[in-house]
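This briefing is meant for someone meeting the structure for the first time. Please look over the sequence and the model first, and then follow the notes below topic by topic.

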Number of protein chains: 2
Amino acid sequence: MSQTAESTGPRRAPTMADVAKLAGVSHQTVSRVLSDHPNVRDTTRAEVQRAIEQLGYRRNSSARALVTRRTLTLGVVACNPTLFGPASTLFGLEEAARSEGYMVSAVTLRQYTAKALEEAIDHLSDWGVEGIVVIVPHRAAVEALAELRLPFPVVTVEGGHSLPIAGVSVDQDLGARLATGHLLAAGHRTVWHVAGPSDWLEAEARVRGWRATLEEAGVEVPPPLVGDWTPLSGYRAGQELAGRVAAGQARRSSPDVTAVFVANDQMALGVMRAFREAGLSVPGQVAIAGFDDIPEAEFFAPPLTTVRQDFAAVGKASISLLTRRLDSPGRSEAERVVIEPRLIVRSSTVS
Amino acid sequence: MSQTAESTGPRRAPTMADVAKLAGVSHQTVSRVLSDHPNVRDTTRAEVQRAIEQLGYRRNSSARALVTRRTLTLGVVACNPTLFGPASTLFGLEEAARSEGYMVSAVTLRQYTAKALEEAIDHLSDWGVEGIVVIVPHRAAVEALAELRLPFPVVTVEGGHSLPIAGVSVDQDLGARLATGHLLAAGHRTVWHVAGPSDWLEAEARVRGWRATLEEAGVEVPPPLVGDWTPLSGYRAGQELAGRVAAGQARRSSPDVTAVFVANDQMALGVMRAFREAGLSVPGQVAIAGFDDIPEAEFFAPPLTTVRQDFAAVGKASISLLTRRLDSPGRSEAERVVIEPRLIVRSSTVS
DNA sequence: GACCGCTCTGTGAACGCTAACAATGATGCA
DNA sequence: TGCATCATTGTTAGCGTTCACAGAGCGGTC
């Protein structure tokens with residue numbers, strides 16, 4: 001009861017020659033039919049089609065790639081596909097690639113070292129990808145990437161603007177300004193910040209936008225706390241902040257904590273838990289804004305004001321940047337696409 | 001300032017023949033060095049290695065695949081890589097595949113129709129995958145899959161047990177029993193259930209486990225509510241349940257709502273929001289348990305009791321199942337791997 | 001010294017496809 | 001009718017590997 005039919009033996013996959021013989025034409029004509037070449041008589045084409053279906057023939061991609069020198073495969077190096085951002089980007093990216101006729105192969109990274117990145121890229125090169133998208137918004141990784149002289153085009157996602165690599169990114173600075181400005185407009189004297197890890201480019205840009213907004217408004221800039229994107233680290237930062245609220249009137253060394261801009265929604269969740277445990281009401285005593293707009297954010301207690309990033313658009317854009325490069329290998333300037341984020345106001349900042 | 005060096009022109013990638021010429025040996029010897037064949041003199045091997053490095057030579061995977069008839073590529077069809085489960089599975093799976101020397105190419109599905117599934121598989125076949133993992137725990141999809149007679153092995157993830165396809169799954173029934181049993185043990189008269197969409201196999205299995213536990217305990221089985229995995233649908237179900245609590249003593253047609261087992265954490269979040277808005281305390285008036293243990297669950301308000309699934313293990317197991325099949329094509333029985341879930345008790349069920 | 005067996009290396013032929021060119025027949029037009 | 005043109009098809013030669021086999025050289029055994 002094996003899957004192969006009858007007793008024909010192991011029966012190898014049919015080849016173009018088999019189809020040709022059955023249809024009574026040359027293999028080249030079969031090839032022409034498959035690649036939609038115009039100069040094939042309709043009756044011949046039909047005959048070939050029938051033979052193809054009858055045999056269940058499929059073109060051998062390796063043979064094809066060998067002679068055309070095109071594998072039609074794109075590689076992706078992703079940091080952690082469990083995070084909402086990278087996962088969504090990957091989703092949009094794969095769809096875009098498929099619709100342009102490419103296959104995408106992904107490699108995930110456990111560590112963000114130059115070595116791990118090189119290994120990942122090596123692995124992809126071994127399989128002959130025509131280009132890669134790197135979704136590792138980590139300073140060290142992007143710098144290592146810039147050093148590498150690769151024989152195919154590379155596009156980064158959130159790779160920053162300082163290095164000469166093509167890339168797509170959301171305007172993190174603007175996002176941070178939207179959130180911080182929103183809190184200031186609500187009447188808060190200043191806005192505290194729980195940042196992401198300092199070696200992440202996104203984290204850094206969000207700090208910049210937050211700081212600039214405060215400085216432009218001429219208000220005091222409190223020292224930012226630093227987390228690692230996880231709810232737990234947000235929880236720790238929240239405890240620290242709650243402590244300051246409690247100290248309150250007593251200690252006048254830093255401004256009151258009445259508003260916090262947290263660098264991502266997961267950490268904001270942790271911060272809110274800490275506040276809850278400390279008996280602080282949100283937004284009554286402290287207003288909180290996050291970043292990302294993960295699907296859960298709307299249902300947090302209270303629903304979280306946050307900055308939405310269109311990750312699907314990011315994925316799509318990265319593919320179009322990459323394929324554009326593949327089509328015209330001449331261009332070498334580092335093209336950049338920037339996508340605008342949007343502020344989503346919910347009840348964690350307005351009562 | 002193009003990426004190619006000097007004025008050597010477009011310069012094609014070096015081939016085995018180039019390496020052979022430089023090292024003063026035949027291409028076959030180069031091949032032997034690359035595949036670690038024992039019968040090569042050490043000095044020769046070193047010479048070849050040096051030539052390889054000097055030229056920056058890489059084996060052409062297409063040519064290799066053509067002659068060996070092995071693409072060393074595995075395909076994955078995933079439903080929605082934005083969900084925590086599939087994403088984590090993919091993560092573990094990719095890592096396992098890579099360590100076994102395979103590349104993985106993923107295709108994502110927007111719709112769960114037989115047609116979409118077939119297209120996805122077609123796409124993968126076109127690129128010559130040696131086998132595929134299907135992460136689409138949807139009844140229609142799995143049934144369609146069972147109909148397909150594919151020329152390569154297929155492994156499902158959460159594909160149910162009714163069909164003769166190899167697969168890996170978490171024991172959903174057990175998970176539901178753990179959660180429901182936990183709530184009964186805490187003294188609740190019965191446990192309500194917010195289920196996932198009925199055409200999802202996981203949802204169905206969780207309903208089964210929940211119902212069986214109640215029946216075995218000899219308590220009344222309330223009618224299950226149905227959501228679609230999203231927090232919003234959980235919110236709606238929560239409103240419905242909150243209404244019943246309010247009706248309370250008045251209406252005796254169904255048992256009191258004091259405990260709810262929700263089929264995933266995201267919906268549980270929605271349920272909790274609805275309860276909060278209705279002024280119901282968790283776990284004071286109603287206890288809630290979820291399923292999945294997403295990273296956020298621990299920081300919900302209150303932290304959520306839930307069932308943890310080891311998705312990384314699922315991914316790993318699916319690859320080992322698949323590669324085992326590739327290595328011994330004879331076996332055709334539908335092997336199944338079942339992974340045990342674990343109950344994580346937090347304060348949403350105990351005060 | 002003839003023979004065997006072993007190690008190391010090279011030669012030639014696939015693998016299944018596309019590209020380039022050649023060949024055929026039909027058609028158009030002077 | 002003759003010649004150029006075009007549509008349609010076939011033939012041949014690779015693409016860069018690996019596999020199967022052959023061959024050279026060497027040491028040991030009887």
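In this predicted model, strand 5 of chain B and strand 11 (residues 336-339) of chain B pair in the parallel sense over four bridges.

**Strand 5 of chain B and its neighbours**

- Within the pairing with strand 11 of chain B, B:V168 has B:V337 as its bridge partner.
- Strand 5 of chain B also runs parallel to strand 4 (residues 154-157) of chain B, to which it is joined by three bridges, and here B:V157 is the residue that stands opposite B:V168.
- Strand 5 covers residues 166-170 of chain B and is mostly covered, since five of its five residues are buried.
- In a regular strand the side chains alternate between the two faces of the sheet.
- In strand 5 of chain B, B:A166, B:V168 and B:V170 point one way, while B:G167 and B:S169 point the other way, and all of them are buried.

**An open sheet in chain A**

- Chain A has an open sheet of four strands in the order 7-6-8-9, with parallel pairing.
- Strand 7 (225-226) and strand 9 of chain A stand at the edges with a single partner strand each, so one side of each is left without a neighbour in the sheet.
- Strand 8 of chain A, which spans residues 259-262, sends A:A259 and A:F261 one way and A:V260 and A:V262 the other way, and all of these residues are buried.
- Strand 6 (residues 192-195) of chain A pairs with strand 8 of chain A in the parallel sense over three bridges, and A:H193 has A:F261 as its bridge partner in strand 8.
- Strand 9 (residues 287-289) of chain A is likewise parallel to strand 8 of chain A and joined to it by three bridges; along this pairing A:A259 stands opposite A:A287, and A:F261 stands opposite A:A289.
- A right-handed β-α-β unit is made by strand 8, helix 11 and strand 9 of chain A.

**A:S233, a buried residue in helix 10**

- A:S233 has its place in helix 10 of chain A, which covers residues 231-247.
- Is A:S233 buried or exposed? A:S233 is buried, because 20 other C-beta atoms lie within 10 Å, and a residue counts as buried at 20 or more.
- Leaving aside residues up to four places away in sequence, A:S233 touches A:G227, A:D228, A:M267 and A:G270.
- A:S233 and A:G56 are separated by 177 residues in sequence and, from C-alpha to C-alpha, by 55 Å in space.

**Where chain A touches chain B**

- The contact takes 47 residues from chain A and 47 residues from chain B.
- On the side of chain A that touches chain B, two or more residues come from each of helix 4, helix 5 (84-99), strand 2 (103-108), helix 6 (114-126), helix 10 and helix 11 (265-277) of chain A.
- Helix 5 of chain A gives the most to this side, with eight residues.
- By class, the residues on this side of chain A divide into 21 nonpolar, 16 polar and 10 charged.

- The elements that give two or more residues to the surface near DNA strand C are helix 2 and helix 4 of chain A together with helix 2 and helix 4 of chain B, and the largest share, five residues, comes from helix 4 of chain A.
- The surface near DNA strand C has nine nonpolar, 12 polar and four charged residues.
- Around DNA strand D there are 25 residues, and those that come nearest are A:S26, A:T44, B:M16, B:S31 and B:A63.
- Two or more residues of the surface near DNA strand D come from each of helix 2 (27-34) and helix 4 (61-68) of chain A and helix 2 (27-34) and helix 4 (61-68) of chain B, and helix 4 of chain B gives the most, with five residues.
- By class, the surface near DNA strand D has nine nonpolar, 12 polar and four charged residues.

**An annotated span of chain A**

- An unreviewed UniProt entry lists residues 14-68 of chain A for "domain: HTH lacI-type".
- In the model, this span is 69% helix and 0% strand, and its end C-alpha atoms lie 21 Å apart.

Key. Residues are numbered from 1 along each chain as its sequence is written. Chains are lettered from A and ligands numbered from 1 in the order in which they are written. This is a predicted model: local features need pLDDT of at least 70, side-chain atom pairs count only at pLDDT 80 or more; totals for chains, interfaces and linings use all residues. A residue is near a molecule or strand if its C-beta atom, placed from the backbone, lies within 6 Å of it. Ala, Val, Leu, Ile, Met, Phe, Trp, Tyr, Cys and Pro count as nonpolar, Asp, Glu, Lys and Arg as charged, and the others, Gly among them, as polar. UniProt positions are given in the numbering used here, feature names are shortened, and annotations may be inferred rather than shown by experiment. A residue is buried if 20 or more other C-beta atoms lie within 10 Å of its own, exposed if 12 or fewer, and partly exposed in between; C-beta atoms are placed from the backbone. Two residues are in contact if their C-beta atoms, placed from the backbone, lie within 7 Å. Two strands pair if DSSP finds at least two bridges between them. A crossover is right-handed if, with the strands pointing away from the viewer, the path from the first strand over the helix to the second runs clockwise.
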